[in-house]
Amino acid sequence: MKGNVIITAGNAKAFERSLDMLDSSMKELQRVAQDMMPETLVRYGLDAAVKDLCSDITHSGVLRVNYQSIGLEDAEIEQIAAITIYRIIEELLNNIIKHADVKTALVQVSKTNKRISITVEDNGKGFNTAVIRGTKGIGWYNIESWVEFLKGKVDIQSGPGKGTSVLIEFKNP
Amino acid sequence: MATSVFIVDDHYMVIEGIRSLLQNEKNIEWNGHAMNAASCLSFLKQHQPDVILMDINLPDKSGIDLCKEVKEQYPSVFIIGLSTYNQQSFIQKMIDNGASGYLLKNATQSELMAGIETVMKGKLYFSDEAAQSLRKPIGDVPLLTRREKEVLEHIAEGMTNNEIAQKLFVSVTTVDTHRKNLLTKLCARNTAELVRLAFFHKFISL
């Protein structure tokens, strides 16, 4: 390895630009990694991660999310199950933000009798449950895949003007 | 009596920035810096400052864990958490582990000075933004989900789990889960108390 190297002005510029590109690539990678596996989820578990998610959304002003958890204090939830639950809640909250036209929502995660239930509800526009398959978005397809992965079931109560309540239950392995 | 301040952070610019913010303050004595948990701990063996500004993100150990260790070995040292993270869980954990305060890295000089002064008095200090994150949603009255309300009404009508399950087209296990959650949320020991509390909170009416 050579010590001090003298390079031309043109090369120096290219070098600087490369460093900048490396910096932004690293930032992007961190952001993607964080999205894939949120740090709070890994370090402190599902309860803390969902609590933060709801609190972040509330503080952004776009929707006030009330979070309640039951029985999650020393819950042993496998990380893959935890991230799946997290994604389901994220997706459902996104739906509310996009379609419900409402100011508050409720998220509840409970672990009772070795079963985990997730409830996300709002008092907004609601929708015709018969039609959800027809939507163009990939949201519901995702949710159904994740619930299937967890070997759980989804129960949706909604109707135009009647708000929406989604309940997902599965056995904690 | 000057307050001695030490900082642990793995970003040199943060250290320099804070040092220059504090260097003109008459009541502050700068004790130096460490850039990882290990060197912080070895510094503390020789000398204990009054206040440590502690970054949460350190290369060898999380500031949250370091905070706990430092408070265990040197309980009289005050620790102020320092971070770009505004997440409630990080702040809460830092305080649980013995920190006296929390500052975000976008804090102003006056917030920094106020923080140091306040924790020296033995009180807790949070920068405005950190305090906002900690505000819990208000609610003495627990919120019930739609299905919980339904199950509660039917319980009050005297229906059994089986009957409720049939009426609502769900499984008995589901009804049982809702029932158990209701007991927990309303802090009721049994069904009779549950119904009384339900009336009290006006979830059901005669």
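Chain B has 10 helices and six strands. Helices here are DSSP runs of H or I, at least four residues, strands are runs of E, at least two, and both are numbered from the N terminus. This is a predicted model: local features need pLDDT of at least 70, side-chain atom pairs count only at pLDDT 80 or more, and totals for chains, interfaces and linings use all residues. Residues are numbered from 1 along each chain as its sequence is written, with chains lettered from A and ligands numbered from 1 in the order in which they are written.

Staying with chain B. Of its 206 residues, 37% are buried. Buried means 20 or more other C-beta atoms within 10 Å of the residue's own, exposed means 12 or fewer, and partly exposed is in between, with C-beta atoms placed from the backbone. Take contacts in chain B with a separation of 6 or more: 59% of them join residues 24 or more positions apart. A contact is two C-beta atoms, placed from the backbone, within 7 Å.

Now the cores. A nonpolar core is a set of buried Ala, Val, Leu, Ile, Met, Phe, Trp, Tyr and Cys residues joined through C-beta atoms within 7 Å. The largest has 38 residues, and Leu53(B), Met54(B) and Ile80(B) have the most contacts inside it. Leaving out residues up to four places away in sequence, Met54(B) touches Val8(B), Cys67(B) and Leu82(B), among others. Another core, of 33 residues, lies apart from it and includes Leu41(A) and Trp146(A).

What about Asn106(B), buried or exposed? Exposed, because Asn106(B) has 10 C-beta neighbours inside 10 Å. Asn106(B) sits in the loop between β5 (101-104) and α5 (109-120) of chain B.

Next, the sheet in chain A. Five strands form an open sheet, mixed in pairing, in the order β1-β2-β3-β5-β4. Strands pair if DSSP finds at least two bridges between them. The edge strands are β1 and β4 of chain A. β3(A) and β5(A) run antiparallel, joined by eight bridges. Glu121(A) stands opposite Ser165(A) in β5(A).

Finally, the contact between chains. Chain A puts in 23 residues and chain B 18 residues. On the chain A side, α2(A) gives the most, with six residues. That side divides into five nonpolar, 12 polar and six charged residues. Ala, Val, Leu, Ile, Met, Phe, Trp, Tyr, Cys and Pro count as nonpolar, Asp, Glu, Lys and Arg as charged, and the others, Gly among them, as polar.
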